[in-house]
Amino acid sequence: MATLPAEPAAPSWKELLRDWAAGEGRAWTFVFKTLLSALLALWLAFRLGFDAPRSAMTTVFIVAQPQTGLVLAKSFYRIIGTFVGCLATLLLVGLFAQQRELFLAAMALWVGFCCVGAALYRNFRAYGFILAGYTTCLIGFPSAMRPDAVFETAVARVSEVMLGIICAGVVADLLLPQRMSRNLVATVRASYRDFVVFVDRAMCGRLDHASIEQAHDRFLAEVMAFEAQRDAAYFESPDARVRADRLRLLNAEFMAVTTTVHTQHQLMQRLRRNEHRQALAALAPMYKALAQELLPDGRAPATAAEAAPVALRLAAFRDGLTDRVAAARIALETGDEEELLAFDSAAAMFCRLTEELHDYTASYAALAHPARQARKPAPRYVPHTDPITAVLSGVRATAALLVVSAFWIASAWPNGTDAATLACVGCCLFAAAPQPVLAVRMLTRGFLWGLLAAFCCAFFVLPHLDGFLLLALGMAPFIMVGTKLLTNPATAGIGAGYNIMFSTTVGVENVTRFDPVALLSSGIASLLGVTVAGLAFALLVPADAPRLRLHLVRSLRRKVLLASFGRLQGLRHRFENGTRDLLSQLLAGAARGSGEDRRLLRRGLAVLEVGHTVIGLRQDAESGALTVNNRAALHAGLRAQARFFSKPTPQRRAQALDGILRVRGRIETALEQHGLDAPERAALRRIHIGLHQLRSLLLDEETYEALSAVERAAAPPEPAHAA
Amino acid sequence: MPTLLPVFVLSFVLQWAVDGLLARLGFYANVWHASLFRFSLFVCQFGAIGLALYQ
């Protein structure tokens, strides 16, 4: 404390330049690229004689993203969404063109359906759903006024959207591209390196509880970021496209191995708490040996190519592990039976950890080769889908659109189209956002500024200018302001709103009209529409309402039910993936550092631990080593355990423990019988170990605390007793 | 203008297939500027189909 930090050397101008290029430089590159693609789209739209050149420009703003991969992924789903939306519009207009009430009701239902889809998928596919809903409004409302022109309107709109997409994509990909695939490579490398170092430290007991939780939090975020980057890089780089299967497998294995490390660490903690010194002493050399294999020369492999020898060494280590465990077990066989069982379960988990570490490393090493099949069929990424939240967001969108439409019809409002469209956009766009009300508020602020800018631009700047070049120059400063706002995450929402509002209302058309009133009323209508969407989010079962959140927190615990009753085929991955996805959704809405995030994380990890044990037991039960009665007893025990997880009460906990003890007794009797062949004996021992693990998890006060604590914190306050 | 839209969609689908094939064959490792090549390929396809159909 007493020593002052050394005076940092003055950075050279080269370093300063490099810093600028990495930070602000990138932001400005993005600004100029977006400007260029917007103006290019506008110019081409004028040249090709489109009805509404501005909608090509708006498309550019909607798909504008700093990374090429994001632009291309958004564009791809935007194209699909636009097509589906067009087809839906043709159908709706064909069915209900004469009946505006029916038409609007059907439209509201369709938009609600799209919102449900968006909330269910929550990645780029969600974007396709959003666009399908949004395009229907965009084409449907104008063409409902002129049903005979619906086909032309649809074709024109699709052409404009395509033009915008092409311009955005080409500029993003060809001029100073910022590649998503580069981020992806960096993420893959960093997660492997961090993870290996983490395993080394955690195994040697050199990490405290808080830093382990922090690490798991980071791994969780990495899994999600990886999935998003993989999805986007797929469109951007042929390399990522060829490796898509392998990358998916890598992510699945990363998830699996992080859970196993956690379980292993918990087992060790329990050994320490129960003072099983002999077991700990027998396990310690094995951990050291594994750490040595993982970190050759004390350094984690930095690239996939460097990981290849590590994978080979891990394979050799895995093959010799059975003998190693057997040799270590001899010292314990004379001692306490409980301790021997604890050792067995820790050793079994250690074998699994080694196996999974090997798989993960091998998958990582396989990425170095340009074209190669994945080692195994890669499982799909399975997000957690919550039907209740999804249906709610659908209902919200339908209601918002109905309210706006009713007002539109009742007041014969000439700008009802704008309001209805924007209400729909707001509801769809934020259907899956963690804090939709905040997001809508940002968008509304952006709209306000955009409207102001459009007004200034249209009536103070543009009237003095003539020709496309001057038009472009006149609009450029306004566009740059909005795009610069987009580059800062804190103001990105405002920037998006600003750009969209500016480009739709500034009114650059084939025939220029000078009509301030029209501009203002269409802008105000859009603002009203988006406000209605915001109100829908705030009033109709708010997405961040305590009750809804409590429901999600409960679903996290109930993921164990999926592990207990789901179809066994591919269950391990589905369970793991869904639980992690839900956990990350919950963490996105949790206040950081409030203690709530740590409680959620602890609960998620406990659920993962229990679920994997249960799945292991179920798989062994299927293997045929059990008699019919024993199998029935095992399933009864698992059901009792599942009942506990659907509602954790002390009574159900006792029942679950009781059930597990009963099965364990039966398995022990079965193990004592003579005439079992080796595989049967091995399966029985695995089940025995699994039951032991499950029992110690249920007995673990920390786990129990983790499972019930969040509800207490998140539950709405108990109503006071009425006198 | 509507006449070009189907051609565009067609060449888009074709591009998707051809691009996947080239990537699988490891062709892009030998190309100096992969994204420029991909874009040019698309332009060629779009132009060729458009000319063949509408000339």
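# Burial, salt bridges and a helix span

Visitor: Why is A:Glu609 called buried?
Guide: In this predicted model, A:Glu609 has a relative accessible area of 2%, and since the word buried is kept for values under 20%, the residue is classed as buried.

Visitor: What makes the contact between A:Arg270 and A:Glu609 a salt bridge?
Guide: The closest N and O atoms of A:Arg270 and A:Glu609 are 3.2 Å apart, and because the criterion asks for a side-chain nitrogen of Lys or Arg within 4 Å of a carboxyl oxygen of Asp or Glu, the pair qualifies as a salt bridge. A:Arg270 lies in helix H11 of chain A and A:Glu609 in helix H24 of chain A, so the pair ties together parts that are 339 residues apart in sequence. A:Arg270 has a relative accessibility of 8%, and therefore counts as buried too.

Visitor: Why is A:Glu213 described as buried and A:Arg602 as partly exposed?
Guide: A:Glu213 has a relative accessible area of 7%, under the 20% cut-off for buried, whereas A:Arg602 has 32%, a value that falls between the 20% and 50% cut-offs and is therefore called partly exposed.

Visitor: What makes A:Ala412 count as exposed, and where is it found?
Guide: A:Ala412 has 61% relative accessibility, and because exposed means over 50%, it counts as exposed. A:Ala412 is found in the loop between helix H16 and helix H17 of chain A, and it has a positive phi of about 50 degrees although it is not a glycine.

Visitor: How do you know that the span of helix H15 of chain A agrees with its number of residues?
Guide: At 1.5 Å a residue, the 30 residues of helix H15 should span 44 Å, and the end C-alpha atoms are 43 Å apart, so the two values agree. Helix H15 is mostly covered, with 24 of its 30 residues buried, but A:Glu337, which lies in this helix, has a relative accessible area of 63% and is therefore exposed. A:Glu337 also takes part in a negative surface patch together with A:Asp336, A:Glu338 and A:Glu672.

Terms used:
Residues numbered from 1 in each chain as written. Chains lettered and ligands numbered in written order. Predicted model: local features only at pLDDT ≥ 70, side-chain atom pairs only at ≥ 80, totals over all residues. Heavy atoms only, no water. Helix = DSSP H or I, 4+ residues; strand = E, 2+ residues; numbered from the N terminus. Expected span 1.5 Å × (residues − 1). Buried < 20%, exposed > 50% of the residue type's maximum accessible area, 1.4 Å probe, protein only. Patch = residues over 30% accessible without salt bridge, like charges linked within 9 Å, V, L, I, M, F, W, Y side chains within 5 Å. Areas by Shrake-Rupley, 256 points an atom, 1.4 Å probe, with all protein chains shown as cover. Lys, Arg positive; Asp, Glu negative; His and termini not counted. Charge placed at Lys NZ, Arg CZ, Asp CG, Glu CD.
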